[in-house]
Amino acid sequence: MSETEIKTNPQGDPITSVAAPKVDGKKDPHAEAKRQRVVTPEYMFFEAPRTREFITGSEAAKEAIRRSNVDLAIAYPITPQSETMQLVGVLYGEGYVKEYYRGEEEVGVMAAIAGGSRAGVRCFTATAGPGTLRGLEGIASWPGHRLPAVAMFTCRVVNAPLAIQPDNIEVAYLLNCGMIVFHAENQQDMFDFIMAGFVISEKNDVTLPVGVCCDGFFVTHARGYVRMQDRGIKLPPRDPWRGAVPVLDAENPPARLSRDAPVQKSNFMAYNIHAVWQQEVWAAVERSRKYINRYMGGLLSAENVENADAVIIASGSAAAQSREAVRLCKEKGLNVGLIKIRSLRPFPTKELRELCGNVKLIVVPEFNYVGWLAKEVATAIYGYSKAKIIGGPRVYGGQSMPVELIVDEVESGLTGKKSTNVAMSQIMGGAVSPDEVAHFMRSI
Amino acid sequence: MSLDYVKFSNGFEKFMPKEYRDMVEHGPFGRKVTVSQMGSFKEVLEEHPMCAGCAMTLFIRLAMIAFPNPEDTITVGTAGCGRLAISQAAIPFVYGNYGDQNGVASGLSRGLRLRFGDKPKDVVVMAGDGGTADIGLQQVLHSWFRKERFTTIMLDNEVYGNTGGQESGMTNKGAVLKMAPLGKKFEKMDMVQLAKVAGCAYVATVVPNNPRRVESVIKKAVLVAREIGPSYIQAYTSCNIEYAIPTDKVMEDAKAVENDRYQFMEYVSEEAKQYLTERYGYKEFLAKQAAPAASISGKA
C-alpha cells in the first residue's frame, strides 16, 4: 500500500478502518482519486501489471471498489458484518466512491440500491447472514426490475440460535432469485469477482444484479495474497444511456407507461406477462455465460480431472480445503481431481457434463447443512454420468473443515471403507449396498 | 428532460396516436399550468381504473398539475390504490416492493443528483397511509432524519382500501373495519408531528376540495425538497367504498373531515421560508409589516 505511515492495533495488525483522511487545508483529500485514469475492462483484467499484497478479504473488496468507479455505496453495520462496508466508507472519504451513507437496516438499504440503480448510477453494498435474509425481498426483486448492481454476501449462519459464525446456507436462498451468483474461494477471487461483476452486470444483454458470495471470516477476516492492478486506474463508468431498459431519469419521451408495470390483474394476459418476464430474467442469466467465460476464465476451473480416480467438486472455502485434500490423497497414492465452481448462477451444467462423463466417484464437501451444491451437481450431471456422488462432508454453524474429512470420503468412496460422516441419504448414484445402509443405521 | 424528447420526429406526427399528439401539443411539459386552467390543457393523468367518486384520484390529478417541472419529475409509490392511477400518468413511476418507497426514493434522488448535479430532478413519493405509516414507517422516518431531499405525500384514506378495508395506523380510534371488529383501539397516528420532529423542512395537511390550496402546498413541498430538505404532505383522500360515502357526498365528507381532524396546517422551517421567498418570490413568508395585504402563493 502507498500509505507511508501505517497505524497498528495492540496486536500489531494494521488498522484499516480509520476515518476519512485529514484535511490540512492544502492537500486535497480527493487528489489521488481525481487522478485515476479510466481503462477498458480488457486492459484492467488482462493487461494491466499487477503487484502482490497480503491483505484480508474485506480489504481486497475495498481495493476492488477503489478500481471499479462506484457511484453509490450504502452500508449497514449488521452484526455479523465484515469490515467491508466501513472500508468502502474510507474510499468515500478519499473520493473514490462518489456517494455513501449508512442505511437504516437491510430492507431500506436494498430499496435504496434499487433506487440508485434505477437512477443510472453504479451501486454496491455488502451484507451477511441474517442481513441477507432481511434484505431478501428487495434483493429478489432486483433481477425482475432489471437493476444492475453488485452485492457482496460474506456468508454467516442464519438459523436460530443466533450466532455469527461462517456457514454458507444463505447462498441457497440467493440461487433462485434470478441474479447472477459467484462464490469466491479466497481474497484474490473476492477482488477479481467484484470487479468482473460490475462489468458483467451492466452488459446490455445481461442487465442483472451480481451477488459475490464468500465464506465469512475464512475469506473476509483472514489474509491472503492478492495480485492487484495499480490504484491509479479504474473501470469505465456505468453508461446508463446504453441500458437494456430505460433508467428512471425523466430523460425519455413521456408515455403513459410504468417501467415497473404492476401486472396483478387476474387474467390470462397478466399471467402471461409475468411468465414471459421471468423467462427473460433467466434468459439473461444464461446470456451472462459468455462474459463470465471472457472476464473470469470460465464458470469453473478443473485441475487433474482427466483420468482421475475420483473428483472433488467444491466452491468457496471448501475449494481451498479440497485442494489440500487432493494433495494428501496424492501422498496416499490416490489420483484425485478438483473442480472449483466459480459461478453458481449461471451454473456450469454443460461443463460438468463434459468433465464428469467418465468419472466414477464425486465428492462434494460443503460449509452448510443442506448441501445445496451437491443437489446442483447431481441435477446437472444426472443421465450424463454414472458417478457415485457423495454429498459431503458438510460442516456448519461455524465449524471448520478438516481436510482429513474430505480425504476420508474419497477413500471410503473408492475402497468401500466405512465412513460415518455422510448420511446414506446424501449418497447418490452408484450401486447401493444393503450392508452399507445397515452400517449407517447402526452408527446413528 | 430536454423538451426535444416531447416533440415529434419530422414526418412522424401523423403516425402518432391522438392521445400522444394531444400530450405533445396541449400537455403541461415545458409550460406553467394551474388547476384553474383544468379542462384547457392535456393532463398527465386522465384515464385510470379508480372507483367512481374517488377523492384520491382527484387529489393525484391536482398534485400532478401542481408539479413545478412535470417533465423532470419521477414519482415513487408502493402497493395501494394510488399507484393504479399514478402508474397511468405520463410521468415516470417507480413501483418497487411493499413499503420500500422512501428507501427507493433515497437512492434514486441521490443517484440523480450525482448524474445531473443542480439540474432539478424532482422525486415525489406518493403512497397510502398503510404504505407510509405502517409497513414503510421505518424507511419514511429515516429518510426524514437523513434529510433526504425529496417529497413524501401520504394519500390518507384512513383504511387499507386496495386490500378490502382493513384498519391502518391512520384509521380513527373506534372505527370498525376488517381486522378491527371491535373498533380500532388506539388513536390515529400523528404523522405530522413525527415529520416535524424528524426534521422535515415543509409539512402540510390538505384536503382535495380546495384545489388551489392543494396546488400551493404541492408546489412549495417539491421546491423545498429540491434544495432545503425533506417535505411531507398529508392529504385526506377518502375511500368512498370502504367508508360507504355516497359518490355525490364525497366532497361534503371531505369538508366535514377538514373541519373535524384535517384543518389546514402548514409548517415551514425558517430556512425553507427564506429559500421560497428569495428564490421563488413567495411573499407570504416575509415579515408581516413588509407583506402586502393579499399575497398570492403558488408562483414557481
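Which residue of strand 3 of chain B is the bridge partner of Val76(B)? I looked, and the partner in strand 3 of chain B is Val125(B).

**Entry 1: ground rules**

I note that this is a predicted model, where local features need pLDDT of at least 70, side-chain atom pairs count only at pLDDT 80 or more, and totals for chains, interfaces and linings use all residues. Residues are numbered from 1 along each chain as its sequence is written, while chains are lettered from A and ligands numbered from 1 in the order in which they are written.

**Entry 2: strand 1 of chain B**

Helices here are DSSP runs of H or I with at least four residues, strands are runs of E with at least two, and both are numbered from the N terminus. I call a residue buried if 20 or more other C-beta atoms lie within 10 Å of its own, exposed if 12 or fewer, and partly exposed in between, with C-beta atoms placed from the backbone.

Next came its neighbours, where two strands pair if DSSP finds at least two bridges between them. Strand 3 (residues 122-128) of chain B runs parallel to strand 1 of chain B, joined to it by 4 bridges. Strand 2 (residues 93-95) of chain B also pairs with strand 1 of chain B in the parallel sense, over 3 bridges. In strand 2 of chain B, Val76(B) has Val94(B) as its bridge partner.

**Entry 3: helix 10 of chain B**

Which residues of helix 10 of chain B are buried? I found Ala272(B), Tyr275(B) and Leu276(B), in a helix that covers residues 270-280. Seen down the axis, the buried residues fall within an arc of 95° (taken from the directions from the helix axis to the C-beta atoms), so they line one face of the helix. A reminder to myself: an α-helix has 3.6 residues a turn, so residues three or four places apart point the same way.

On the face turned away from the buried side I found the exposed residues Glu270(B) and Glu278(B). The cover over the buried residues includes strand 5 (202-206), helix 8 (211-227) and strand 7 (265-268) of chain B. After the helix comes Gly281(B), with a positive phi near 75°.

**Entry 4: chain A and its domains**

Of its 444 residues, 52% count as buried.

An automatic or database domain assignment sets the domain bounds, and chain A is divided into domain 1 (31-242) and domain 2 (300-443). Their centres, taken over C-alpha atoms, are 30 Å apart. Two residues are in contact if their C-beta atoms, placed from the backbone, lie within 7 Å; by that rule 23 residues of domain 1 touch 19 residues of domain 2 in chain A. On the domain 1 side, strand 7 of chain A gives the largest share, 5 residues.

**Entry 5: where the chains meet**

How many residues does each chain bring to the contact? I read 34 residues from chain A and 38 residues from chain B. On the chain A side, helix 5 (106-118) is one of the elements that supply at least two residues, and helix 5 of chain A gives the largest share, 9 residues.
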